[in-house]
Amino acid sequence: MKNTRTLGKYALVAGMSLLSLIPFYILLYLALNKPSRTLFNGLSLLPDFNFSNFSEAWESSRMGLATLNSLIITIGGAVLIILAASSAGYAIARYSNKFHQSVFNLLLICMMIPAIIITVPLYTLMKSIGGINTHWAMILLMASNGIPFSVFLYTGFIKVLPKEIEESAIIDGCTPFTAFWRVTFHFLRPVTAAVVILQGLAIWNNYGQAVFFLQGQDMRTIPLAVSMFFQQYGAQWNLMAAAAVIGLAPAVVAFLVFQKYFVKGITAGAVKG
Amino acid sequence: MNLLRKLWNNLHLFMALPAILLFGLFFIYPLAQGIGISLTDSNGMSAPRFVGLQNFIDFFHDARAKKDVYNTLFFAVGSAPLLNIFGFLYALILDRPFKGKGFVRAVVYLPAVISPLIMGYVWYFILQPDRGFLYHLLESLHLGTGGSDWLGNAHSALIVLVFINVWQFVGMTMIIYLAGLQSIPKELYEAGEIDGAGYIKSLWYITIPMVVQSIKINVVTNIIGSLSVFEVIMALTDGGPGYSTESLSIYILRMLYGSFTGYSTAVAMVLFAMIIIPVFIFMRYINKKEFEM
């Protein structure tokens, strides 16, 4: 009786995992096939292990440049979010006054507004500050997109953190500002991991805004490079899939590295706070 | 010198400023401007004229816009409840102790790591009529429905889109519920057991009330995400056949590319209202509920 239940449980869990892995299998399958064989004839589930697709895709769509652009924008944006959102979260959680309260409420409301709504005026703004096709403007924009939810997470987390953490540092001669950066900030690791995963992925995968503000050939990010593939070379599924896998790999690796802290960060930041 | 010292000591009061400046410049300011643009006949080239609420009146007479509102609502009403039900069930299953728990959680979350655009392309390959993966699978199992053109038919295409969205983001919803489940003190269940509550009863009277915060976050993010759906539709059907699977966000972009800047921004404002109203109603409802408990 107990054995059948355990078996059932593992079967269920295995089913859930397999369901989630389907696209990864399909992508890898396609990416490893020879150009002549892209279909599942006779349901042979093993690909040709033709690794040359990767180098071909890498060269023909300038994936190297796209990866570099994506890395610059994602790392820049994430760092900016962490700095700005953690310090704002600290101020809001620890020094509660009318101003901080209304800032927090405003951010909460703005969390509900999808970015597409402001595309037109944003384009005018980006043009007037000379930010079209630049890394710095895209970094600032991506950071501002991520700020509301990140501030929400940091505020929630800092609220349940004991005040004594800073108090002893202040007695030792820190100002509240330095106490935060020298002491409290190190306790924020779980939320920071959650912010890195959520916002880093959002920036890495951003397509809707990159299409508008990074139109230059040399500024393409990975989603743009991959989507070009899908639009231009209609039938070469193997190359498209290889490009997609290249673009996916850094995101998956980063997720697996940070995911250990992820649930912890969400628990403390969003659910308890 | 004294002033600098004083500023340094009170720097913590200004720590929210960088975030506010950034967000103000790249979000609040364009949003305020957008409200203004939606009241003009701006086309991005010649000087805009103030037309009052004309764009909004046009919207209500726009048959394509009506269809898009319907599609967007269909997608959201399909996605949000399914995501929450399956996300919660997934969380309940993966909250129990077993070997490899962390691994399975990561795997279930993994689809959310891929951009919806690329995910859409993968599903497009799976679902292609007469040569996709599903077709070959069904054929070789001698189930003869593989040739159906699921994406070519307006009704089934919408259902397929809902399914893909739920499937991709169930892990995301699950993580938030999992976080909620983990913050429930175990003593509550022990107390429930002593009072004779079975699994279903303790689920209803302990678990669900204790994960209200997770429900809030999930429902709100699912409403926002599904009402502003964009990439997965672009990749799979591009809004077609005709406009039959077009969502409001895609319509906003199309109007923008067509230089109907003022009208496009007005449609964006309508979408904003469509999101904010259900969210507020839900928040009021659940906060009242929470208060009762």
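A polar contact is a pair of N or O atoms within 3.5 Å; within protein, one must be able to donate a hydrogen and the other to accept it, and residues adjacent in sequence count only if both atoms are side-chain atoms. The views show a predicted model, where local features need pLDDT of at least 70 and side-chain atom pairs count only at pLDDT 80 or more, while totals for chains, interfaces and linings use all residues. Side-chain values use heavy atoms, leaving out hydrogens and water.

**View 1. Domain 1 (1–49) and domain 2 (59–271) of chain A, as given by an automatic or database domain assignment.** Their C-alpha centres lie 32 Å apart. Contact (heavy atoms within 4.5 Å) joins nine residues of domain 1 to eight of domain 2. Between these domains we find zero residue pairs in polar contact (both at pLDDT 80 or more).

**View 2. Where chain B meets chain A, 84 residues of chain B and 92 residues of chain A are in contact.** The buried area, meaning the accessible area (1.4 Å probe) that two parts lose on being put together, summed over both, is about 8,000 Å², and carbon and sulfur atoms give 83% of it. On the chain B side, Met15(B), Phe26(B) and Phe125(B) lose the most area to chain A, together 10% of what that side buries.

**View 3. Polar contacts between chain B and chain A.** Here the rule finds four residue pairs in polar contact, both at pLDDT 80 or more. Helix 2 (residues 17–37) of chain B, a DSSP run of H or I with at least four residues, supplies 15 residues, the largest share of the chain B side that touches chain A.

Conventions
Residues are numbered from 1 along each chain as its sequence is written. Chains are lettered from A and ligands numbered from 1 in the order in which they are written. Helices (H or I, at least four residues) and strands (E, at least two) are DSSP runs, numbered from the N terminus.
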